[in-house]
There are 2 protein chains.
Amino acid sequence: MKDVRILEIRQSVFADNDRQAEALRAELREKGVFLLNLMSSPGAGKTTTLMRTIEALGEVFRIGVMEADIDSDVDARTISQSGAKVIQLHTGGMCHLDAAMTRQGLEGLETGDVELAILENVGNLVCPAEFDTGASRNAMILSVPEGDDKPLKYPLMFSVCDVVLINKIDVLPYFDFDLEKCREYIRMRNPDARIIPICAKTGEGIDAWADWLRAEIRSWRGSMQ
Amino acid sequence: MKDVRILEIRQSVFADNDRQAEALRAELREKGVFLLNLMSSPGAGKTTTLMRTIEALGEVFRIGVMEADIDSDVDARTISQSGAKVIQLHTGGMCHLDAAMTRQGLEGLETGDVELAILENVGNLVCPAEFDTGASRNAMILSVPEGDDKPLKYPLMFSVCDVVLINKIDVLPYFDFDLEKCREYIRMRNPDARIIPICAKTGEGIDAWADWLRAEIRSWRGSMQ
């Protein structure tokens with residue numbers, strides 16, 4: 001497996017994260033880089049979902065991936081096998097990325113001709129939801145083994161997301177997870193969120209997710225391609 | 001289901017959490033209250049494990065439970081069915097509990113004759129590891145669906161724990177989870193941690209966990225019961 005670049009992110013010094021995020025979003029629009037912020041609990045399947053996303057959209061968009069973790073480079077090494085541009089970000093213990101840290105990551109990635117930049121945020125349902133990264137869209141993955149009650153316990157995460165992927169639906173028979181109840185809880189927090197059940201391992205539902213993402217990027221570009 | 005008390009925790013104003021934690025630990029020792037801090041990712045099975053723990057040890061120790069969550073009271077309602085004393089703590093968006101917040105929780109629980117107080121911390125593998133709650137012992141649950149690589153990505157959490165419960169071993173056949181590799185990763189972070197595979201749903205391994213906890217409480221008491 002080839003080596004991957006690791007960037008040690010410096011903790012942000014900006015008090016006004018919202019302003020930093022707006023500035024970054026405007027710059028990325030200027031450059032034509034669509035930034036997707038992907039969040040979830042540890043082990044919900046962000047990296048496997050990303051591998052499937054690159055498989056589905058890698059020929060449509062030039063993709064760059066930033067893998068944020070407190071330690072290790074296992075995810076970036078996995079992504080590097082897909083052929084996509086990738087960088088591992090080490091957060092120095094930080095539990096989330098804010099806009100200034102995301103900016104460091106994008107500079108490290110050297111976006112250049114990247115059209116779709118994906119930030120795999122730190123596995124955490126709390127803190128990442130509190131910090132606007134400057135992303136064009138926020139996505140989160142809830143996995144079946146975590147339980148259908150998570151939108152009740154982590155309200156902010158579900159309310160800031162444009163799309164919720166319900167992953168690991170292949171193991172639905174082995175867990176007490178009520179898909180309809182979960183949809184209802186998500187809608188309580190966020191009536192507008194798109195909800196897509198998937199299984200990143202088998203590929204089920206990935207078409208619907210890729211269609212959604214492609215449509216969002218095209219609508220963001222404001223073109224009718 | 002009976003109603004449970006909900007306490008809104010105020011954010012802590014103490015800069016020196018370590019000192020607060022030491023003071024709380026000393027007080028609890030004085031009162032004979034053993035405090036267990038239970039941590040994990042969202043949905044790893046903290047509440048189900050607690051139900052089993054109360055089943056196994058409820059006649060040996062008087063148990064009180066603090067359920068910390070950002071929102072909802074679903075866990076406290078579940079625990080209330082066990083007959084154990086329980087209070088729901090709302091953290092006001094906070095991603096962890098520190099010693100001062102834990103103290104508020106203990107006051108709300110009204111420990112009185114409680115011998116074993118259990119704090120179910122916020123579901124999060126990052127921030128709770130950074131704040132000493134004043135607990136006598138730290139326990140964490142890693143569930144099989146999260147993956148065996150979590151000790152590589154969340155080093156601090158694994159290094160602060162006295163015991164790691166590997167939960168949901170009933171679904172091992174459906175996930176790529178290597179138990180031996182996981183043990184090895186945990187030992188890299190923490191050679192002294194006791195590792196106990198369990199299935200809170202079926203009760204497998206709960207005896208070993210209850211034995212460990214009973215022995216720790218007795219050794220903490222310094223008695224030879």
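Predicted model: local features only at pLDDT ≥ 70, side-chain atom pairs only at ≥ 80, totals over all residues.

Visitor: Which residue stands opposite B:Ile166?
Guide: That's B:Pro197, which sits in β8(B).

Visitor: What order do the strands of chain B's sheet come in?
Guide: The order is β1-β4-β3-β5-β2-β6-β7-β8. It's an open sheet of eight strands with parallel pairing.

Visitor: And which strands stand at the edges there?
Guide: In chain B those are β1 (6-8) and β8 (194-197). Each has a single partner strand, so one side of each is left without a neighbour in the sheet. On average, neighbouring strands of this sheet are turned by 20° against each other, direction ignored.

Visitor: What holds strands together in a sheet anyway?
Guide: Strands of a sheet pair through backbone hydrogen bonds, and the pairing can be parallel or antiparallel.

Visitor: Okay, helices. Which strands does α2 of chain B lie across?
Guide: Helix α2 (residues 46-57) of chain B lies across β2, β3, β5, β6 and β7 of that chain. Relative to β3(B), the helix runs at about 175°.

Visitor: At what angle do α1 and α4 of chain B cross?
Guide: Roughly 35°, and their axes come within 8 Å. Helix α1 spans residues 17-31 and α4 spans residues 99-109 of chain B.

Visitor: Which residues meet there?
Guide: From α1(B), they include B:Ala21, B:Leu24 and B:Leu28. On the α4(B) side, B:Ala99, B:Arg103 and B:Leu106 are among them. By class, this contact has seven nonpolar, three polar and two charged residues.

Visitor: Switching topic: how many residues of chain B are in contact with chain A?
Guide: 34 residues of chain B are in contact with 33 residues of chain A. The area buried between the chains is about 2600 Å², and carbon and sulfur atoms give 59% of that.

Visitor: Which residues of chain B lose the most area to chain A?
Guide: B:Pro42, B:Lys153 and B:Tyr174, which together make up 23% of what that side buries.

Visitor: And what does B:Lys153 form a salt bridge with?
Guide: With A:Asp75, where the closest N and O atoms are 2.8 Å apart. Across the interface of chain B and chain A, the rule finds four salt bridges. There are also eight residue pairs in polar contact between the chains.

Visitor: Which elements of chain B give two or more residues to that side?
Guide: They are α3 (74-80) and α5 (150-153) of chain B. The largest share, three residues, comes from α5(B). The side of chain B that touches chain A has 16 nonpolar, six polar and twelve charged residues.

Visitor: What about chain A, what order do its strands come in?
Guide: Chain A has an open sheet of eight strands in the order β1-β4-β3-β5-β2-β6-β7-β8, with parallel pairing. Strands β6 (residues 137-143) and β7 (residues 163-167) of chain A pair over five bridges. In that pair, A:Leu142 stands opposite A:Ile166.

Visitor: Which strands does α8 of chain A touch?
Guide: Helix α8 (residues 206-221) of chain A packs on the sheet and touches β2, β5, β6, β7 and β8 of chain A. Its direction makes about 140° with that of β2(A).

Definitions and conventions
Residues numbered from 1 in each chain as written. Chains lettered and ligands numbered in written order. Heavy atoms only, no water. Pairing = 2+ DSSP bridges. Helix = DSSP H or I, 4+ residues; strand = E, 2+ residues; numbered from the N terminus. Axes fitted to C-alpha atoms, helices over the stretch in contact; angles between N-to-C directions. Contact = heavy atoms within 4.5 Å. Buried area = accessible area lost by both parts, 1.4 Å probe. Salt bridge = Lys/Arg side-chain N within 4 Å of Asp/Glu carboxyl O. Polar contact = N/O pair within 3.5 Å; in protein donor to acceptor, adjacent residues only side chain to side chain. Nonpolar A, V, L, I, M, F, W, Y, C, P; charged D, E, K, R; others polar.
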